[in-house]
Amino acid sequence: MAPISYYLVLSAIVFTTGLVGVLIRRNIIVILLSVELMLNATNINFVAFSQYFHNAAGQVFVFFALTVAAAEVAVGLAIIIALYRSRATINVDEFRLLKW
Amino acid sequence: MDSLYYELIPLLPFAAFLILGLFGHWIGERAHLVAVPAVVGSLLLSLLALADVAGGRHTSIPLYTWLTSGDMRVDLGLYVDRLAAAMLVLVTGVSALVHIYTIGYMRGDRGYARFFAYIALFTFSMLMLVLSDNFLQLFVFWEAVGLCSYLLIGHWYERDSARAAATKAFIVNRIGDFGFLLGVLLILATFGSLEYRHVFGQIADIAGQTLNVLKPFGGDWQVSTITMIALLLFVGAVGKSAQVPLHVWLPDAMEGPTPISALIHAATMVTAGVFMVARLAPIYELSPVAMNVVAVVGAVTMVLGASIALTQFDIKRVVAYSTVSQLGYMMMACGLGAFGSGIYHLLTHGAFKALLFLGCGSVILALHHEQDMRRMGGLKHDLPVTYWTFVIGSLALAGFPGTAGFFSKDDILVSAWMAGSLGKLLSLLGLATAFLTAFYSFRLVFVAFWGGRHHDAGHGHEPIHEPGSVVTVPLMVLAILSIAAGYIGIPEFLQPVFTSPAGAASHADLPHGGPMATVIMLAASVLGLAGIALAYLFYVAEPQLPDRLAQSWRRLYELSFHKWFVDELYDRTIVRPTFRLADRLWRRVDVAVIDGAVNGTARAIAWWAWFMRLVQSGQTQHYALGMMVGAVLMLTIYLFF
């Protein structure tokens, strides 16, 4: 049985990877994937603590998070398709209309 | 309640004001149907009250407690005694006649209903002032009549001159009223009460008390409290009754419609100062200093007003300066302790001066708003009723034997002669002024009504005619009163009011008759006739004479014609420096500091906004970075602080 710190370190690494991906990548699909990474990092945390405290609530929460994430990806991909149709690109640098 | 009708005397005009003020727009040309019955009803009730009071009764009616604060309590109440009743009849009488006259004078005016609303409000305020039983009520309605005067002088507000005159009247009155308010506050501080009867009851205990005027500046100058109160209140009277040095507003107030000049600026409001001094006689009698000040100011006003009236050409201004002069007579009489004589002259003057103003109005109306007497002449054939009533009014003003003005003026001069050495001097001044008065009033009559025509009214196409019975009937009624008021025993009626135990030199104690009284009476008559004769010589027999005299006495003529340069003096010393100060304040404080601060705030925010909008790059990832930094910061604060 691995100590909880392993899980937490893993989660932190995955979260940071996701965060950096969101901040530096230009491809919107990759950004969306990175957001998924951050979500899953939190899911790892939930599950790890659920096991650590012998409390099922954390695992139940993860199911909800996965469901919402799936829905979110569906919406996100739809938006990306719409963006692609209008601009023929999915490079996030090209979408900067909302500025002063 | 048997005395309900006392309340109705002021309330009827007030009701008329409310109706006309609220619904005047729809009432329009029928406004007089509301105002005239109300004021006439008020007049009838006043006559009832007079009959009541003549039976020796005086009544105090508390209406309600107006305000309480700590120990201070002010009731709104009515106090009806012989003095108040006489004033009631004067105010409602002149007001009723002026209301009727206005129907003719203001016909077709755009502000017809508004005009009636304001004169009804004025009548109400003046009645409440006369009926006051405490100083605060006196002050409030003192201000209210000033407000009505302002509104009515500015009735034709399209004219620049009317607006300027209204503002001038208001500001000059405010200066006086400030002194009046200080006097009222000093009374409150000294007596702890504002009711006449409490104050008059305690006044003997206060007599020796003094007050350090220079205390705030660390000095020491003890002044008798009573003197201080009397003088401060008198400042208010100086403003309201157009005494020197605050007389400048009254002649300018002639910009208002003529009925107003008759009602407010001749018969009632301007006499409020005299009335106040007489009403507060118990205070004034205890302060010889204040009495002397009142007498001297009155005498100076009397002489100055008459000397200016000699050379004016605007008929209303001549009558206005004669009002200033006659108010000086009344004030002088009060200052010499002859309160009864002062009020007597106030009442007779109310009748004949209202008559003269309404006569002027009739002339002005007939000549289509011509006011310069040099462009009149020969009017006695065209306007016979106006002419004859005007002559009666002028005779009364000149003190022609047999008229009311003769009796009241003679009463003042005799009482003044009896009142010590100052009184003797002022009495002689009064005699000299009586001569001037006779001269200028008949100058007006001869120039405007006699001789050839100099006017081009209607360019000779339409004949000049009398303006109709609503105008002529009030003239005739006032003409009768200008004579009859001398025979109905007003001094005897007023006598009990001023025989207080403290009254050292009150009218009643004076020995009437005596050889000196006869001499003064004869002198006044002779001087009056001489004045009339001189006016005849100057303006009928020898018409070039005035111009020749004016040429050879250039300086004196200029002095009189330019009203002793008082307006110019005030303009230089007060008005223009005030404008300059205001200009500086506007540029240096308003624009630089206040606007600077406000605009500066806006400019700082605009600059900051310009800087901050750079954050809005439109780059999604910049925003994501912002979110991350924010989250990290919040976590840091949460975990470590």
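Start by selecting Gln326(B): with 0% relative accessibility, this residue counts as buried (buried means under 20% relative accessible area, exposed over 50%, partly exposed in between, with a 1.4 Å probe and protein chains only). The model is predicted, so local features need pLDDT of at least 70 and side-chain atom pairs count only at pLDDT 80 or more, while totals for chains, interfaces and linings use all residues. Residues are numbered from 1 along each chain as its sequence is written, chains are lettered from A in the order in which they are written, and side-chain values use heavy atoms, leaving out hydrogens and water.

Now show helix H14 (residues 315-335) of chain B, where Gln326(B) sits; helices are DSSP runs of H or I, at least four residues, numbered from the N terminus. Beyond neighbours within four places in sequence, Gln326(B) touches partners including His345(B), Lys353(B) and Tyr440(B) (contact means heavy atoms within 4.5 Å).

Next, colour by chain. The contact draws 14 residues from chain A and 12 from chain B. Together the two chains bury about 1,000 Å², 54% of it on carbon and sulfur atoms; this is the accessible area (1.4 Å probe) lost on putting two parts together, summed over both.

Finally, select H1 (residues 4-24) of chain A and H26 (residues 620-640) of chain B, whose axes come within 8 Å and cross at roughly 145°. Axes are lines fitted to C-alpha atoms over the stretch in contact, with angles from 0 to 180 degrees between N-to-C directions. Look for Leu19(A), Val22(A), Leu23(A) and Ile24(A) on H1(A), meeting Gln621(B), Ala624(B), Leu625(B) and Met628(B) on H26(B).

How values were computed. Helices (H or I, at least four residues) and strands (E, at least two) are DSSP runs, numbered from the N terminus.
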